[in-house]
Structure formats: structure tokens, C-alpha cells
Amino acid sequence: FVSRIPTAFDSGSVRRILEEKFGAGSVEDVSIVYNREDGEGEGEKGGDVTTGSSNAADSSRDHRGFGFVTFFSASVRDEAIKAGTVRGGAKDNSKRKQTIYIRPLDRSSEDDEGNKNI
């Protein structure tokens, strides 16, 4: 789980920053959660977002500032979680660096306790 992704970033930016920090080829997939463009399903629970992997359309869409990363190996994943944050720019030559937070996704509590969000 990655959070606090700046709006100027797309999945390609997140992939590039993570691979600069943890090595080329260390990231298998990046999916950022985007707002729906069509407005369909507004007001319905869970009906207002879509996820998208790296593609050219990412830069023209508004995302929600968080997403999910699949690392190539468990050791790279553990290294990323241990680091906790990674800094980088939206483009390769950006001078301004932003911080992205990396946390593990714990799905076990969803099965046992149900949704306790109010």
C-alpha cells in the first residue's frame, strides 16, 4: 500500500521512484486508485473509484492519492516496508522531491472483524 501520492504523479512516476530506490525490475505492478470519469455509480458504496496500472492515460485523470504496489520478491517488499518512505519527483528531471509512504496491507482483519469503518 502506498499513500500520499501527489496529484502530479502517475503510476509510471511511482514505479520509477521505487525502482530507483530498490533496484531496476523490483516493481512488478503499480495500481493507483482513480476517481471515476463517467460519474456512474456516484453515491453508491465503493462505486466511485477505479484502479489503473501503468498506462498513458494516467496523467490526464485525477487519482485519490493512494494505490497498491506489487514487488517482484518478498525480500524487496520487506525492504520497502522497512524503509517506510521514498522520495522522488514526478518526472525524471524534477527538482522538487515528494515523499510517498509505504505500508503493508493487512487483509486478515477484514475477514475476521468485518468492516468497522463508520
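Predicted model: local features only at pLDDT ≥ 70, side-chain atom pairs only at ≥ 80, totals over all residues.
Close-up 1. Of the 15 residues that line the second largest pocket, Phe 1, Val 69, Thr 70, Phe 71 and Arg 77 are the closest to its centre. Strand S4 and helix H2 (74-83) are the elements that give two or more residues to this lining, and S4 gives the most, with four residues. Sorted by class, the lining of the second largest pocket comprises ten nonpolar, two polar and three charged residues.

**Close-up 2. The tilted aromatic pair of Phe 1 and Phe 66.** A search of the whole structure finds four aromatic pairs, and in the one formed by Phe 1 and Phe 66 the ring centres lie 5.9 Å apart with 35° between the planes, a tilted arrangement. This pair links distant parts of the chain, since Phe 1 belongs to the segment before strand S1 (2-3) and Phe 66 to strand S4 (residues 63-71), 65 residues apart. Phe 1 is partly exposed at 29% relative accessibility, and Phe 66 is likewise partly exposed, with a relative accessible area of 24%.

**Close-up 3. The edge-to-face pair of Phe 22 and Phe 71.** The ring centres of Phe 22 and Phe 71 are 6.3 Å apart and their planes stand at 85°, so the pair counts as edge-to-face. Here too the pair links distant parts of the chain, with Phe 22 in helix H1 (residues 11-22) and Phe 71 in strand S4, 49 residues apart. Phe 22 has a relative accessible area of 10% and is therefore buried, as is Phe 71, for which the relative accessible area is 12%.

**Close-up 4. The aromatic cluster of Phe 1, Phe 66 and Phe 68.** Ring pairs join Phe 1, Phe 66 and Phe 68 into a cluster.

Close-up 5. Three salt bridges are found in a search of the whole structure. Glu 19 is partly exposed, with a relative accessible area of 22%.

**Close-up 6. The salt bridge of Arg 77 and Asp 78.** The closest N and O atoms of Arg 77 and Asp 78 are 3.1 Å apart in this salt bridge. Asp 78 is partly exposed, with a relative accessible area of 40%, and Arg 77 counts as partly exposed at 40% relative accessibility.

Notes:
Residues numbered from 1 in each chain as written. Heavy atoms only, no water. Phe/Tyr/Trp six-rings, centres within 6.5 Å; stacked < 30°, edge-to-face > 60°. Buried < 20%, exposed > 50% of the residue type's maximum accessible area, 1.4 Å probe, protein only. 1 Å grid on protein atoms, 1.4 Å probe; cavity = no way out; pocket = protein on both sides within 12 Å on 5 of 7 lines; lining within 4 Å. Nonpolar A, V, L, I, M, F, W, Y, C, P; charged D, E, K, R; others polar. Salt bridge = Lys/Arg side-chain N within 4 Å of Asp/Glu carboxyl O.
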